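Hello,

Here is the structure I promised to pass on. Please open it first, then read my notes below.

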Amino acid sequence: MGMENDEIPVPQNVKITAGEGKGLELGGVKFVENRICETCGREYPVYSRNGIETSICIHCENDKVQQEMQKAHDAATKKRPHAIMKRFSFVPDEIRQASFESFKAETPEEQEALQQLINFVKNFKDDQTRTIMMSGSTGTGKTHLAYATAREVIKQGYVAIFVTVPELLESIRDTFSNNDSSQAEIKKIYKEADLLVMDDIGAEYVRDNSDNSWVAETIFDIINARTTKATIYTTNLSGQALTQHYGGIHGKRIVSRIKNNSTAIQLVGRDRRVDDGW
Ligand SMILES: Nc1ncnc2c1ncn2[C@@H]1O[C@H](COP(=O)(O)OP(=O)(O)OP(=O)(O)O)[C@@H](O)[C@H]1O
Ligand SMILES: [Mg+2]
Ligand SMILES: [Zn+2]
């Protein structure tokens with residue numbers, strides 16, 4: 001065969017132009033002709049290798065690759081809120097298993113509260129703009145019911161984020177020193193989730209006066225963006241106490257948005273955390 005060395009002969013001055021170079025051979029690949037693709041109607045070059053013709057339209061092939069890339073991109077985009085949800089949904093251990101089934105309604109009021117949230121879930125696909133404010137003293141099942149609701153909404157395929165307000169703020173603060181995701185991006189997640197549970201609003205730790213205004217502004221920014229979206233709040237505070245908590249202009253504006261178009265649920269039961277042996 002005379003292949004003394006590994007060098008592959010390189011043809012010199014060969015120009016291949018689709019349609020012109022009929023009969024040209026390059027490394028066993030031969031241009032045959034241009035054909036019209038039956039699928040897309042565009043013209044594509046047909047080559048043959050060792051007498052076997054390619055039957056693939058490069059335009060259709062390109063489109064397919066593009067579509068696959070787009071699909072992969074969409075899937076990644078879709079997954080992102082879930083990844084963030086996992087990262088920022090801080091679920092207290094004691095309610096990790098909380099569900100509607102495990103909520104025991106001992107009083108008509110508790111039965112009514114449970115029913116309201118079951119209805120909220122049932123109507124979610126038709127009405128994703130409702131606000132629920134659950135208030136009551138400690139251990140009465142606010143977080144339990146709020147988390148159970150978020151779980152049910154996630155099961156329906158919506159993006160539901162459960163976060164305690166102190167941790168929501170912490171996650172945004174973190175981005176000061178974390179270039180992984182910008183503050184605006186994280187806020188966008190909270191602003192755009194189909195359902196956001198803001199557990200324990202009013203319980204966040206405020207470092208000082210300037211921090212207080214950052215806290216109030218951040219909370220306002222998120223709540224204000226959610227006026228047409230479903231949000232569930234839980235708190236130990238009354239509306240008045242919450243207004244005072246944030247203070248000034250922000251306090252009034254925050255509480256007014258929470259109250260707008262919202263269902264108030266008061267949990268007045270006993271503290272389920274207290275065990276009788278204390
Ligand atoms: N009606 C109930 N049936 C069953 N378990 C309950 C009920 N209410 C509360 N619990 C349980 O009691 C514990 C405390 O409830 P939860 O955390 O929901 O209280 P909370 O109202 O959010 O209190 P806090 O104001 O202190 O945040 C949880 O483990 C929860 O699962
Ligand atoms: Mg709670
Ligand atoms: Zn084609």
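Predicted model: local features only at pLDDT ≥ 70, side-chain atom pairs only at ≥ 80, totals over all residues.

Ile118 is partly exposed, because 16 other C-beta atoms lie within 10 Å. Ile118 sits in helix H2.

**The H2 and H3 pair**

Helix H2 covers residues 108–122, and helix H3 covers residues 142–155. Their axes come within 10 Å and cross at roughly 20°. An angle under 35 degrees counts as roughly parallel, so H2 and H3 are roughly parallel to each other. The crossing of H2 past H3 is right-handed. Who makes the contact? From H2 come Ala113, Leu114, Leu117, Phe120 and Val121. From H3 come Leu145, Thr149, Glu152 and Val153. By class, that is 7 nonpolar residues, 1 polar and 1 charged.

**The H4 and H5 pair**

Now look at helix H4 (residues 165–174) and helix H5 (residues 183–192). Their axes come within 8 Å and cross at roughly 150°. Angles over 145 degrees count as roughly antiparallel, so H4 is roughly antiparallel to H5. H4 also passes H5 in a right-handed crossing. On the H4 side, the contact uses Leu168, Ser171 and Ile172. On the H5 side, it uses Gln183, Ile186, Lys187 and Tyr190. These residues divide into 4 nonpolar, 2 polar and 1 charged.

**The sheet**

Next, the strands. In what order do the 5 strands of the open sheet lie? The order is S6-S7-S8-S5-S9, and the pairing is parallel. S6 (160–164) and S9 are the edge strands, and each pairs on one side only. From one strand to the next, the twist averages 15°. As background, strands of a sheet pair through backbone hydrogen bonds, either parallel or antiparallel.

S6 pairs with strand S7 (residues 195–199) over 5 bridges, in the parallel sense. There, Ala160 stands opposite Leu195 in S7.

Then go to strand S5, residues 131–136. Is S5 mostly covered or mostly open? Mostly covered: 5 of its 6 residues are buried. One partner is strand S8 (residues 230–235), joined to S5 by 5 bridges and running parallel. The other is strand S9 (residues 262–267), paired with S5 over 6 bridges, again in the parallel sense. Ser135 is a handy landmark here. It stands opposite Thr235 in S8. It also stands opposite Gln266 in S9.

H3 comes back at this point. That helix lies across S5, S6, S7, S8 and S9. It runs at about 165° to S7.

Two residues have a positive phi without being glycine. Asp200 has a phi of about 65°. Asn261 has a phi near 55°.

Where are they? Asp200 is in the loop between S7 and helix H6 (209–225). Asn261 is in the loop between helix H8 (248–259) and S9.

Are they buried or exposed? Asp200 has 21 C-beta neighbours inside 10 Å, and 20 or more make a residue buried, so Asp200 counts as buried. Asn261 has 11 such neighbours, and 12 or fewer make a residue exposed, so Asn261 counts as exposed.

**The chain as a whole**

Last, the totals. The protein chain holds 8 helices and 9 strands. Of its 278 residues, 25% are buried. Take the contacts with a separation of 6 or more: 68% of them join residues 24 or more positions apart.

That is what I found.

Best wishes

Definitions and conventions. Residues numbered from 1 in each chain as written. Chains lettered and ligands numbered in written order. Axes fitted to C-alpha atoms, helices over the stretch in contact; angles between N-to-C directions. Helix = DSSP H or I, 4+ residues; strand = E, 2+ residues; numbered from the N terminus. Parallel < 35°, antiparallel > 145°, perpendicular 65-115°, else oblique. Left-handed = near helix turned anticlockwise from the far one by under 90°. Contact = placed C-beta atoms within 7 Å. Nonpolar A, V, L, I, M, F, W, Y, C, P; charged D, E, K, R; others polar. Pairing = 2+ DSSP bridges.
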